[in-house]
Each structure stands twice: as structure tokens, then as C-alpha cells.
Amino acid sequence: MEYIPQIIFALILIAGVGYFTSNIRKMIRNIKLGREVDRSDNKKERWAQMARIALGQSKMVRRPVAGFLHVVVYVGFVIINIEVLEIIIDGLFGTHRIFAPYLGGVYDFLIGTFEILALLVLVTVVVFWIRRNAMNIKRFTMGELKGWPKNDANYILYFEVVLMSLFLIMNATDFILQTRGVEGYAHAGEIFGSFPVSQYVAVFFETMTDSTLIIIERAAWWIHIVGILIFLNYLYWSKHLHIMLAFPNVYFAKLKPKGQFTNMEAVTAEVKLMMDPDADPFAAPDPAAMEEEPASLGASDIFDLDQVQLLNAYTCTECGRCTSECPANITGKKLSPRAIMMKTRDRLEEVGAVINKEGEWKDDGKKLLNDHITTEELWACTTCNACVEACPIGIDPLSIIMDMRRYLVLENSAAPTDLNNALTNIENNGAPWPYNQMDRLNWADEL
Amino acid sequence: MSELIKVPTAAEFIAQGKTPEVLFWVGCSGSFDDRSKKITKAFVKLLNKAGVEFAVLGAEESCTGDPAKRAGNEFLFQMQAMMNIEVLNGYEIKKIVTACPHCFNTLKNEYPELGGNYEVIHHTSFLKDLIANEKLTISGGKFKGKKITYHDPCYLGRANEIYEAPRELIEKLDAALVEMKRSKRNGLCCGAGGAQMFKEPEPGNKDINIERTEEALDTGAEVIAAACPFCNTMMSDGIKAAEKEGKVEVLDIAEMIASAEDL
């Protein structure tokens with residue numbers, strides 16, 4: 001009988017981690033629906049970039065207020081997780097603060113640090129809530145955040161408040177039980193841990209009986225660890241996946257100059273053939289090339305995007321820094337780089353749901369283009385890279401916009417009319433305006 | 001100017017059995033647009049004064065394909081690129097200078113994959129080097145003490161991380177450089193990039209160039225320094241819309257240096 005709590009705990013742990021793993025596998029499956037892209041180059045530079053931008057939060061702090069607050073929650077989250085390890089071991093083996101005897105004074109220091117961080121996280125989360133809900137900051141209130149995205153952001157804040165409070169209540173009651181020498185908590189007069197924050201919380205519990213305290217301590221302990229497992233499983237459905245994906249996302253981010261757009265190899269082959277005077281226009285095509293179905297030029301759906309772009313979509317935290325820097329959005333156009341990422345993820349999930357249901361992909365008659373992202377959004381982009389520069393975790397909305405423009409022009413010949421005129425001019429006379437190429441040097445006569 | 005400035009073509013160099021030190025890539029705007037031609041001429045005067053042996057392609061130059069690529073027409077872009085690369089490689093060009101950040105970015109970053117490998121320099125970096133090597137001297141002249149703000153072109157700044165060369169030149173003019181609220185990597189686009197120059201903007205509540213010009217005017221600057229012919233056009237239009245013509249000037253940095261030197 002005495003092992004029942006441990007068995008229950010083990011079952012909950014397995015279920016929590018298992019369900020999370022199965023969702024992550026679905027996510028990886030979905031990402032792999034995209035085209036392969038080779039980012040195996042410059043490993044050293046990529047690790048350095050990940051250390052600087054993801055681990056070191058260097059781009060977060062470019063906005064000092066939000067950046068500083070985020071660093072508090074980030075550091076709190078990472079460090080308090082060390083305690084979760086102890087909680088899991090205690091839960092599995094029915095022990096009490098198993099690390100304490102091994103770590104001695106260091107243990108007291110660690111628990112003290114966790115408590116101070118937990119308090120800081122609590123305060124920060126309250127400030128975050130106020131910023132998001134009461135301060136009318138445009139990137140948190142604009143259209144695309146209405147409904148689920150706004151609720152999602154708030155749910156995470158509530159989660160944090162509950163988890164941090166439970167952690168402190170657990171420590172406060174545990175502290176009193178240890179001081180009273182109650183069985184299961186007593187360690188020969190020694191107190192395990194130091195409680196710089198929860199000793200003040202303990203004031204509210206001091207008058208309670210031992211048995212009440214044990215119930216509160218156990219309840220706080222159980223709700224806390226189960227809460228963490230629920231939070232873990234909530235991630236997949238939330239914008240909060242960035243706490244894991246930011247790292248690979250930054251690792252795989254583009255290292256080339258921002259102005260360098262990808263070269264389309266398929267087009268290069270064709271153009272070379274066109275310009276080769278020795279090419280035989282009637283030659284039978286290479287049989288190897290015939291076997292593969294010709295890939296579409298540009299992107300109209302998630303299958304045409306590459307895997308890094310799809311990873312970008314899952315990683316996006318919807319902070320809206322990109323949109324708040326976008327010249328098109330600032331001047332009231334429909335384009336929002338954040339919405340481009342959100343819609344890409346929505347479409348990816350839509351496709352994933354079909355695969356979950358049918359066992360394989362069956363055309364649902366929808367596409368990313370038009371059903372999610374409109375041409376009006378795509379044509380409003382100035383390709384200025386402000387969104388790419390603004391993203392704290394290396395997301396590239398511009399590359400998706402460009403791939404979709406390519407589809408519109410190369411597959412559908414659907415550029416806006418005035419733009420088509422400029423392109424026709426380039427084709428005919430080598431300039432976007434209708435001037436004769438022979439007149440290019442006329443300015444020299446005016447010197 | 002009494003002294004006639006000659007603008008030799010690469011073909012003329014080859015005919016004399018010589019190769020130019022550097023090729024000046026003029027670009028479509030610099031070749032045809034009346035406002036941009038002034039930038040081209042100012043830069044040529046500076047090259048001439050510094051004794052740089054440069055050539056242009058003249059009628060053999062064609063659009064780099066930048067607007068085609070950003071508009072999504074990769075096919076047209078690569079056609080343009082390969083034609084230009086054939087010409088450039090034919091003349092064994094190794095070094096290119098250009099006053100257009102769009103041409104700069106395309107030639108520098110997007111031509112190598114198609115067989116065009118050159119050292120490509122933006123004219124602000126080139127002028128900075130000429131001054132550092134004492135081939136060109138500049139003094140403040142009419143800009144001394146004037147309040148000047150600098151607008152970062154996206155394809156020079158964010159796209160290629162060149163923020164300092166243009167600013168150093170402005171400081172060499174003894175001008176008082178004032179920064180706009182959004183500058184350097186946070187600089188706001190003028191609205192022309194990504195082939196927007198050649199189409200009507202999508203519906204919104206403001207044109208991007210108006211937003212940016214207002215920000216420039218907020219600094220109280222008398223001159224908006226630009227380093228891109230398209231930004232120049234957009235900001236000049238913004239000045240007209242704000243009815244500040246004659247009060248605030250939009251000038252390319254090459255024009256500023258040339259006029260400070262009375263060229």
C-alpha cells in the first residue's frame with residue numbers, strides 16, 4: 001500500500017511525457033512535409049549564433065524593458081527546472097529532498113536561489129499581464145491576436161503564477177513541518193534547504209495542525225508537478241513552443257547577408273540551356289529528370305516551403321516585434337509578418353490534422369495561398385528585412401513572402417499590372433522604364 | 001566646368017589594351033532618371049578628381065535584375081544576371097563600384113552563384129577609402145555645422161550591414177549628424193524596395209515615404225542625406241508632399257561631397 005503514491009506518480013509521469021513525445025513526433029512529421037534544405041554548413045558559426053542569440057538572448061534585450069523582463073522569466077524557468085529533477089526523483093522513490101545530504105550547503109544556496117527566482121518570475125509575470133492586457137501596446141492588441149492567440153498568451157501567464165505559487169506554498173509548509181520535526185520531513189534536527197521567500201509565506205500556515213499542513217504540502221507538491229506535466233503538453237498547442245524550438249531555429253537560421261535571396265537552381269538550369277548556343281532544342285530530355293514530378297516554382301502551400309521555414313512557423317512566439325517594425329504594417333497595409341508565420345502554422349496544423357485522421361495526406365482543396373495568405377499581403381512587402389532583423393529568434397518571414405511571390409509570378413503570371421509593365425521593360429530594353437538601352441550613357445554628355 | 005570630363009567605356013579600355021582599375025556600375029536609375037543622373041555625375045566628378053582609372057559599360061550595361069528577383073520573377077532575373085556576367089567576365093572585370101545599393105547587393109551577393117565573382121563596393125565605402133588614402137580631400141564647405149540626418153537604405157544597411165561608411169563621410173563634411181528615431185539596423189524603409197518603386201502601394205492609411213520623411217523632418221535637419229537613388233526619389237517626393245521644398249534638401253552623399261568641393 002505504501003508504494004501507491006509512487007506508482008501513481010510514475011504512471012502520471014509516463015503518460016505526461018508519452019503524450020508530449022507523441023505530439024512532438026507529429027510536429028517533426030509535419031515539418032518534414034517541407035522541402036529539404038541543406039543547413040549543415042558552418043557548424044561552428046551556427047553553434048556560436050545559437051549560444052549568442054538563443055541561449056544568450058542577445059536580440060531580446062534590444063528592447064530593454066521587454067528584454068529584461070523576459071530574461072528574468074527565462075533564467076527563472078531554466079534554473080528552477082533543476083528543482084523539478086529533484087521533485088521527480090522524490091516522487092518516484094518516495095524520498096524527501098534527496099539532493100540535500102549530497103549537496104550540503106550548496107543545496108541550501110540552490111533552494112534559496114530558486115525561491116528568489118520564483119518570486120521574481122511572479123512579479124515579472126504580473127508586469128507581463130499588465131503590458132498585454134492593460135497598456136494598449138499595439139502589437140498585443142491588433143486584429144491577428146484576437147481570440148485564441150490572446151487567450152493562449154494569458155493562459156501561459158496564469159500557468160506561471162499558479163506553478164510559482166505552488167512551489168512557494170510547498171516550500172513554506174515543508175519548512176514548518178521540518179521545523180516541527182514531523183515524521184517524513186524530519187532529518188535529525190537538520191533543516192534541508194533555505195527559505196528566504198517562503199518563510200514569509202509560512203506565516204499564514206503556522207497556526208495549522210501537522211495533519212492539515214501535510215495535506216497542503218502534499219497537495220501543493222502534486223498539483224505543482226502535475227501542473228508542469230500539463231504545461232509541457234500544452235506547449236504543442238501554444239505559441240509557447242519557442243522555449244524548446246528557439247534553439248534549433250536559431251541554429252538553422254540563415255547566415256548569409258540578409259539581402260541575399262535564394263538562387264532557384266531549377267531556373268538556372270533552364271536559363272543556361274536557353275543561353276547555350278550549342279544546346280539542341282529538340283534533344284530528348286534526360287530520363288532521370290523525367291521520372292521526378294517537376295516541383296512547382298515558388299510556394300503555394302506548405303509542401304513547397306522548406307523545412308526551416310516550417311520550423312520557423314512552429315517556433316514563432318507571436319511577440320509581434322516583426323510587425324511593429326514592418327513599414328507596410330506601420331502604414332496600415334494588410335501585411336503583418338507575424339500573421340504570415342501564424343497562418344503558415346495554421347495551415348501546417350490543418351494539413352497535419354488530415355494526416356492524423358486519414359493516415360496520409362489527402363488533398364483538402366485548400367492551400368496556404370489565398371485560403372490563408374492573400375496576394376494583397378504578399379505584394380505589400382518592400383523586402384526591407386526589418387522583420388528578419390527584429391525577430392529575437394531568427395525567424396525569416398520574408399523568405400516565405402518571396403517564395404509565394406515567386407509562385408504567383410512564375411506559375412500564375414499574376415503580378416500586379418504596373419509591376420508587369422516594369423518587368424516587360426526590363427525584358428525588352430534592360431531597364432524598368434521604357435528607355436532605349438543605347439541611351440544609357442547619354443548622361444555623360446551633360447557633364 | 002571648363003575641363004571636359006571623359007567617361008571611358010570598358011570597350012575603349014580593351015581597345016587600348018588596358019583594363020580599368022574599377023568598373024563604375026551606373027544602374028538604371030543613375031542612367032535614366034533625371035534626379036539620379038545628378039548623383040551619377042557628381043560621383044564621376046569625384047572619381048575624376050581622385051584620379052581613379054574607371055570605366056563604365058555604357059550601352060552594354062543592363063538592369064541587374066534586382067526588381068525582377070524581388071518581384072518574384074526569378075527567370076527574368078537570371079536572364080539579366082547571366083547576360084551581365086557574360087559582359088563583365090568578357091572584360092575581365094574584377095572590381096565594381098556602384099552608387100545604387102540594389103545593384104550593389106545583387107552584384108555582390110546574388111551574382112556569384114551564377115558565375116559572376118567580383119569585389120563589389122558601394123560608392124560611400126569607395127569614397128571613404130579614397131579619403132583615407134588621401135586621394136580625395138574633403139572639407140565641410142557649405143555643409144559646415146549644418147544639421148544633417150542620414151537615411152539608411154535597406155539594401156545597404158540591414159541587407160549588408162554597412163552603416164558607418166556613409167556616416168563617416170557626413171562627419172568629414174563637418175556637418176552635425178542627427179539620427180532619426182529609427183536608424184541603422186532599425187531604419188525604416190523608404191517604401192521603394194522589393195520592386196514597390198514600380199507599382200502602386202496596397203491600400204493603407206499612409207504612404208511609407210511620407211511616414212519616413214516626417215520622421216526625417218522631426219529631426220529638424222536641413223539636409224536628408226541618402227545613399228540610394230530610389231530612397232532619394234522617395235524622400236524627395238515626401239518633401240514635396242510635406243511642402244518643404246526649398247527648405248529641406250534630399251542629397252546623395254556623393255553630391256554633398258562634390259558640391260562641398262565646388263565640383
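Visitor: What does buried mean for helix α11 of chain B, and how many of its eight residues are buried?
Guide: Buried means under 20% relative accessible area, with exposed over 50% and partly exposed in between, using a 1.4 Å probe and protein chains only; helices are DSSP runs of H or I with at least four residues, numbered from the N terminus. This is a predicted model, in which local features need pLDDT of at least 70, side-chain atom pairs count only at pLDDT 80 or more, and totals for chains, interfaces and linings use all residues. Side-chain values use heavy atoms, with hydrogens and water left out. In α11(B), which spans residues 253-260, the buried residues include Ile253(B) and Ala260(B), and the number buried is seven.

Visitor: Which residue of chain A forms a salt bridge with Glu74(B)?
Guide: A salt bridge is a side-chain nitrogen of Lys or Arg within 4 Å of a carboxyl oxygen of Asp or Glu, and the rule finds four of them across the interface of chain B and chain A. For Glu74(B), the closest N and O atoms are 3.3 Å apart, and the partner is Arg406(A).

Visitor: Which element gives the most residues to the side of chain B that touches chain A?
Guide: Elements giving two or more residues to that side include α3 (34-49) and α5 (74-90) of chain B. With nine residues, the one that gives the most is α5(B).

Methods: Residues numbered from 1 in each chain as written. Chains lettered and ligands numbered in written order.
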